[in-house]
Amino acid sequence: MVIHDQADYFNEFFSSSSSMNAFLHLWSLSLEMQFYLLVPFIFLGLQFLKNDYLKLLTVVLITVMGFIGFAMILDKFAFNFLFLRLWQFSAGFIALFSMKINSSELPNKSPAEKIEAVEEKKFKCPFNKEDLVIIALSILALCLMPNKIPLLILRPLVTLSTALIIGCQTEKLQPGKGNVSIMMIGNSYILNFVDQIEESFNMNYSEFRYISIIASYGTFSSSWKISEQALEISKKQVELYKPDVLFIVPRYMQNIKDPIQKNDGLLEEMNKNIEFYEKFVKRIYILDALPEYSENFFTMFLHYLITRPEDMELLHLNKKKADLDMKNVRKRLRNIKCTKCELFDLSHLFVENDKYLTFDREKMLAYVDNSVHLTTAGVAPCDPIFKNITKGILNKF
């Protein structure tokens with residue numbers, strides 16, 4: 001509709017006080033959703049290329065040619081047209097395949113062997129990753145200076161600098177000073193806890209890895225096809241690295257909440273996958289069910305904080321209702337057959353009488369963000385639990 005009307009985002013933005021377009025600022029979301037529909041076909045096409053170097057070259061060409069097309073077309077049209085903004089998404093692919101090439105060059109080696117292999121490379125980049133990040137951040141800072149930069153220079157600078165920062169990420173392998181190897185698997189919930197669990201070990205591990213994949217539950221898969229693939233990837237990684245300790249940290253959704261049947265197929269699947277993990281690991285820690293928080297909670301929290309501060313207590317969850325919602329999850333987890341497993345519960349840390357607290361009353365900080373993940377303030381109360389788990393692990397190894 002915006003393309004059809006030949007509307008200019010910036011003109012509408014600066015006149016927003018009189019604009020009735022409530023969806024003006026959602027332009028990026030619409031492009032993202034269109035891209036998500038397109039990206040499976042892009043990846044399918046890239047699979048026909050023999051190696052990651054060819055894939056990298058392909059996405060570099062897409063980025064360069066795409067930007068040329070973007071620069072040559074009328075800005076009002078190009079701004080909202082997916083295929084003329086594809087070069088910015090493909091810049092992310094450059095980071096992806098750069099990271100894959102970097103990690104595949106040093107397969108299955110110890111940290112010391114990886115360092116030695118890097119030193120033996122014939123070509124050495126004069127910049128390390130920290131230098132590249134600083135360069136990228138400097139470019140981004142330059143873009144924020146008061147001097148006006150032409151958009152055709154500003155956009156590629158910001159896009160490519162962001163891709164550079166992403167590409168400088170390393171595999172989450174942290175060599176430590178201990179003798180126990182740690183791995184975490186699950187969905188995006190892992191990202192909430194990984195730093196806290198790692199810090200609780202105080203470097204007393206040999207390796208620390210995590211794998212965060214969308215729709216990955218560790219012990220089962222949902223009806224979503226990508227969930228089956230995520231489970232297989234997780235199992236292969238566990239089989240490959242054989243960690244001493246495995247943390248399974250998912251956000252529980254969909255079919256695990258369904259009523260439990262007499263011969264429950266989902267529970268059988270969970271037991272089968274746990275049995276697989278037990279072949280390769282010595283200890284498994286599984287996150288117990290957490291309350292189901294509301295989508296866009298943080299936005300609602302801010303709304304209440306600004307406009308209805310006297311009603312803030314309404315944001316806390318009814319404990320009885322929340323527990324009922326997760327009842328079947330807890331039952332299934334407690335019926336897992338596993339000699340090496342231990343459930344760790346975090347929900348009790350947020351209980352007050354008949355409620356699950358959703359924010360810190362003293363600091364007025366939300367425990368939950370808009371994507372139903374715990375915030376830094378929400379993860380902080382969990383620290384004693386992780387320290388206790390860590391202490392038990394280090395005493396056994």
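Strand β5 is joined to strand β8 (residues 355-356) by 2 bridges, and the two run antiparallel. Leu317 has Tyr356 of β8 as its bridge partner. Two strands are taken to pair if DSSP finds at least two bridges between them; helices (H or I, at least four residues) and strands (E, at least two) are DSSP runs numbered from the N terminus. This is a predicted model, in which local features need pLDDT of at least 70 and side-chain atom pairs count only at pLDDT 80 or more, while totals for chains, interfaces and linings use all residues. Residues are numbered from 1 along each chain as its sequence is written, and side-chain values use heavy atoms, with hydrogens and water left out.

The pairing belongs to an open sheet of 3 strands in the order β5-β8-β7, with antiparallel pairing. Because β5 (317-318) and β7 (351-352) each have a single partner strand, they stand at the edges, and one side of each is left without a neighbour in the sheet.

## Parallel pairing around β3

Now for some parallel strands. β1 (residues 181-186) pairs with β3 in the parallel sense over 4 bridges, and Ile185 stands opposite Ile248 of β3. β3 also pairs with β4 in the parallel sense, again over 4 bridges; here Phe247 stands opposite Tyr285 in β4.

In a regular strand, side chains alternate between the two faces of the sheet. In β3, Val245 and Phe247 point one way and Leu246 and Ile248 the other way, and all are buried. Buried means under 20% relative accessible area, exposed means over 50%, and partly exposed lies in between (1.4 Å probe, protein chains only).

## Salt bridges

Side chains of opposite charge can pair when their charged atoms come close. With a salt bridge defined as a side-chain nitrogen of Lys or Arg within 4 Å of a carboxyl oxygen of Asp or Glu, the count comes to 18. One of them joins Lys225 and Glu228, at 3.6 Å from N to O. These two residues are 3 apart in helix α10 (residues 225-241), so about one helical turn separates them. Lys225 is exposed at 53% relative accessibility, whereas Glu228 is partly exposed at 36%.

Another salt bridge links Glu292 and Lys257, whose closest N and O atoms are 3.4 Å apart. This pair connects distant parts of the chain, 35 residues apart: Glu292 is in the loop between β4 (283-287) and α12 (297-307), and Lys257 is in the loop between β3 (245-248) and α11 (265-278). Glu292 is partly exposed, with 27% relative accessibility. Arg332 and Asp264 also meet in a salt bridge, at 2.9 Å from N to O. That link spans 68 residues, from Arg332 in helix α14 (residues 327-334) to Asp264 in the loop between β3 and α11. Arg332 is buried at 2% relative accessible area, and Asp264 is buried at 7%. Salt bridges that share partners join Arg251, Lys257, Glu292, Glu295 and Asp325 into one network.

## Cavities

There are 3 cavities of 30 Å³ or more in the structure. A cavity is a set of points, on a 1 Å grid over the protein atoms alone, where a 1.4 Å probe fits but cannot get out, and its lining residues have an atom within 4 Å of a point. A volume is the space filled by probe spheres set on the points, which are joined across faces, edges and corners.

The largest cavity holds about 70 Å³ of space. Its lining includes Tyr189, Arg251, Asp288, Glu292 and Val372. By class, this lining has 9 nonpolar, no polar and 3 charged residues, where Ala, Val, Leu, Ile, Met, Phe, Trp, Tyr, Cys and Pro count as nonpolar, Asp, Glu, Lys and Arg as charged, and the others, Gly among them, as polar.

## Two asparagines with positive phi

Most residues other than glycine have a negative phi. Asn202, although not a glycine, has a positive phi of about 55°; Asn202 is placed in the loop between α9 (190-201) and β2 (207-212). Asn296 has a positive phi near 55° and lies in the loop between β4 and α12. At 45% relative accessible area, Asn296 is partly exposed.

Conventions
On a 1 Å grid over the protein atoms alone, a cavity is a set of points where a 1.4 Å probe fits but cannot get out, and a pocket is an open set with protein on both sides within 12 Å along at least five of seven lines; lining residues have an atom within 4 Å of a point.
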